[in-house]
2 protein chains.
Amino acid sequence: MFESAELGHAIDKATYDREVPALREALLDAQYDLAQARSFPVIIIVAGVDGAGKSATVNALNEWMDPRFIHTHGMSEASDEELERPHMWRFWRLLPPKGTMAIFDGSWYTWPIMERAAGRIKDARMDQSLERVHRFEKMLIDEGALVLKFWMHLSRDAQKKRLRKLEGDPLTRWRVTARDWRHFAMYETFREVSERVLRRTSTAEAPWFVIEAQDPRYQKVTVGKILLEQLKARLAGPAPVPEALASPLSLPNLDAVNILRSLDLTQAIAKPDYDRLLEKYQGRLNLLTRHKAFRDHNVVLVFEGVDAAGKGGGIRRITQAIDARLCEIHPTAAPSEEERAQPYLWRFWRNLPRRGRFAIFDRSWYGRVLVERVEGFCREADWMRAYGEINDFEEQIIRSKGIVVKFWLTISEAEQLRRFQERQTTRFKRFKITDEDWRNREKWPAYETAICDMLDRTSTEAAPWTLVESEDKNFGRIKILKTLCRRLEEALS
Amino acid sequence: MFESAELGHAIDKATYDREVPALREALLDAQYDLAQARSFPVIIIVAGVDGAGKSATVNALNEWMDPRFIHTHGMSEASDEELERPHMWRFWRLLPPKGTMAIFDGSWYTWPIMERAAGRIKDARMDQSLERVHRFEKMLIDEGALVLKFWMHLSRDAQKKRLRKLEGDPLTRWRVTARDWRHFAMYETFREVSERVLRRTSTAEAPWFVIEAQDPRYQKVTVGKILLEQLKARLAGPAPVPEALASPLSLPNLDAVNILRSLDLTQAIAKPDYDRLLEKYQGRLNLLTRHKAFRDHNVVLVFEGVDAAGKGGGIRRITQAIDARLCEIHPTAAPSEEERAQPYLWRFWRNLPRRGRFAIFDRSWYGRVLVERVEGFCREADWMRAYGEINDFEEQIIRSKGIVVKFWLTISEAEQLRRFQERQTTRFKRFKITDEDWRNREKWPAYETAICDMLDRTSTEAAPWTLVESEDKNFGRIKILKTLCRRLEEALS
């Protein structure tokens, strides 16, 4: 894997001086085309051994191109706000909007490599982590991103020489730390680990480019040319379409039995019982939020359901029970301009709560496989890949001590009609009903298929869906509170 | 100030039960009107003595209204990301977009009150701090916000009783801490300090409402009614227009002398000198960014200037000298949708750098008093108040150890014409010239007036403008680097 990068690649100064002006001009040109088209972002990862000119390369790219459209991120220690969210949150928040570039010096590869080299994790754990990286990059690419990964390589001897040379020059001495020498002593370990990482994460859509770093001129021009070619190719060609099976995705509907229709919508709770149960579970919920262990968890609640099924009412029964300062509600409507310039899930990542807090999503990332699927707001391939991406997203929340509770609220068609009519005549409910609601109603069967697929494909052990029979509002609300209490009790005990 | 809030105001349960449903419905109605109109945000501050039912009131508002459009912020310790920015950054990032409400339990009043009560600052320092609060609120209101401030009051006896009662109930005992009793021991001090605060920050546009907190029913309904009336009045009436003098703001132009015309644009540096000076100052700049003290400061650079004056080139000579990872460049174009839903300066606040970092603004908040003024993109009153708001903004950056360096680049009309023509014929510069540039050129005299006003009104001792004669690019670039080095040296020594 590193053989070709130990051959002593170099170019002389004259060649460099001849090559660079044309390269620069072409890069600038491509960069402006990118900015004008605003059709995809460019994500560049610069990784490799210590002293291999990573920051010099990053600086050269900034110098050659217009730095106003490049975001350069030297990833160091995570801040406390970052530590309270899933590991990838800090990268999500730095993703470049379409039309711009981000260069990451330090990336999602840093953790697995450093942990494995230090022996704090085994191969299995590293591979698991790389598998997640792979899925993350796949998502970026499916969302249209151009992802370029450069590995700066030096042979053992070359690295030693480089560190010595940096140390010898008073101007660069500060750059060599005791840590660098400690890492150098582990050269072979790093080499083995890195090889495994590169092997497992070099994919057709995001291969690693291993660059020999002995000669800075060779290194910079090589990186510049690869970037240029990839940019030009991508700007000239059509955006890649994610691979996907042709739909239908659903099982053939042979017997008219499905999970929604199997619900018993006649379940109800009479008023006196409801009042008693409401007080009981709201009290229990309130106590749970004051449990000591609660401060270590973040709670993510998802409310989905057919229109008028009572999402708002369900949410209020929860917020009534908890301190408003612990809770942020995110109604999901059409994405904003800034959100449209990012991968689909970005708008939800940005709203993940800190520890000890609730985030309640009134409609959520499931819009992708519901309304966007049914209405054709995205390509078939996009909603088909969304199931996997959503499961990955929720898994990451859960791994960082998040508690994900998802409710699907359902009512019959007849009950929906009754509620729509009521909303139209009640003054303070009139904003809750729009023409769109009536249009959606006509697509009931298409939605039913989408809902069943969603439940089948995203109800996981760690983040199961709770189906809430809401024909009787009292019954639905108590089921929501009860479920939430149980899930919190399980997590906190 | 507190007399009327010690009279034992109370309402009985029957009245409460009768009042609340209608109040709720009206509040919901007003809230939806607000969400539909999206014309202004509502900012509610809930402050007052310990145990005075602040969080109960906040929760009631959330319960009565649709919590999806309310952001509730219990402000506790600042995070490390917040500590590295000006004090007000954490509030700016939580400002509600138009059409929504934010409730702050803990606010910009917390610091001055706590510090003064603890004796860590004197009256003068507190008053200074309150003066800044006053200017901040004035800005919010001029931007259209409805700002409501509630002070929850309890007499000494009532507070004691309340704390005792909370302590006596096993369900609420956790809410009373040793800190509460310590504060109670300082009741008189807090009362004095609070009175001063309320007095100095009760303005016609954002008065304090002092609410007696002895009876929670009275307290909640009173707050709800005030909110309702204010909301309804604001929704019914026209948006308030900031007060301002009728323009012109500029001094009469009696003698055709102005600061721009007095510049000597013939200054130039020949190529060999330029190369030597470039190396010298870039080297010095690089060393400065590695100075130990640099890590304690954030650097904010502003580049403004006539079109084609060389802002991009000036910025590149800086970024070439520093590690790209320390630097983020923010080109200022038309604001995004999310930015338009916030006060004008919000988009710049959100991009303030952490300690040890540069933020370079390629065009900036000065757009308000330049292009927006000249083109009529905002009301006269808006750009006229901007000078003061900008000075406040920069002052806050500087007080939190920021270094603000502002460059105005200028060239002659003839030189601009030459550069425009060159841009049109050079392939990789073609994106740098648009029809708008040609249109702006026709408004040269109007811009000249706006620029002179800007320089006069915003060149402050801590954040002076540096005028950069850029007719000769070499001269301009060296002047920029030299100035930046000098400013950094002053700050770091």
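This is a predicted model: local features need pLDDT of at least 70, side-chain atom pairs count only at pLDDT 80 or more; totals for chains, interfaces and linings use all residues.
Let me take a local example to begin with. In chain A, the side chains of A:Lys13 and A:Asp17 form such a bridge, with 2.8 Å from N to O. The two residues are 4 apart in helix H1 of chain A, which means that about one helical turn separates them. A:Asp17 itself is partly exposed, its relative accessible area being 42%.

A second pair, still in chain A, is A:Glu304 with A:Arg363, where the N to O distance is 4.0 Å. This pair links distant parts of the chain, since A:Glu304 belongs to strand S6 (residues 298–305), whereas A:Arg363 is in the loop between strand S8 (358–362) and helix H15 (371–375), 59 residues apart. A:Glu304 is buried, at a relative accessible area of 1%, while A:Arg363 is partly exposed, at 28%.

Now to the interface. How many residues of chain A are in contact with chain B? The count is 55 residues of chain A, in contact with 55 residues of chain B, and the area buried between the two chains is about 4900 Å², with carbon and sulfur atoms giving 49% of that figure. Across this interface the rule finds 8 salt bridges, and B:Glu338 with A:Arg350 forms a salt bridge in which the closest N and O atoms are 3.1 Å apart. Polar contacts across the interface come to 22 residue pairs, both residues being at pLDDT 80 or more. The elements of chain A that give two or more residues to the side touching chain B include helix H2 (54–64), strand S7 (327–331) and helix H13 (337–340), but H1(A) gives the most, with 7 residues. By class, that side of chain A has 16 nonpolar, 12 polar and 27 charged residues.

As for how the copies are arranged, chain A can be laid on chain B by a turn of 180° and a shift of 0.0 Å along the axis, with an RMSD of 0.0 Å. That is why the relation can be called one of a two-fold axis. The same surface serves both copies, in that 98% of the contact residues of chain A recur in chain B.

I will finish with one residue, A:Gln267, which is placed in the loop between helix H10 (216–236) and helix H11 (271–289) of chain A and is partly exposed, with a relative accessible area of 27%. Its side chain reaches the backbone oxygen of A:Asp264 at 2.9 Å. If we leave aside neighbours within four places in sequence, A:Gln267 is in contact with A:Glu469, A:Asp472 and A:Phe475. A:Ala324, by comparison, is 57 residues from A:Gln267 in sequence, and their C-alpha atoms are 31 Å apart in space.

Key. Residues are numbered from 1 along each chain as its sequence is written. Chains are lettered from A and ligands numbered from 1 in the order in which they are written. Side-chain values use heavy atoms; hydrogens and water are left out. Contact means heavy atoms within 4.5 Å. Buried area is the accessible area (1.4 Å probe) that two parts lose on being put together, summed over both. A polar contact is a pair of N or O atoms within 3.5 Å; within protein, one must be able to donate a hydrogen and the other to accept it, and residues adjacent in sequence count only if both atoms are side-chain atoms. Ala, Val, Leu, Ile, Met, Phe, Trp, Tyr, Cys and Pro count as nonpolar, Asp, Glu, Lys and Arg as charged, and the others, Gly among them, as polar. Copies are superposed by least squares on the C-alpha atoms of residues with pLDDT of at least 70 in both. Buried means under 20% relative accessible area, exposed over 50%, partly exposed in between (1.4 Å probe, protein chains only).
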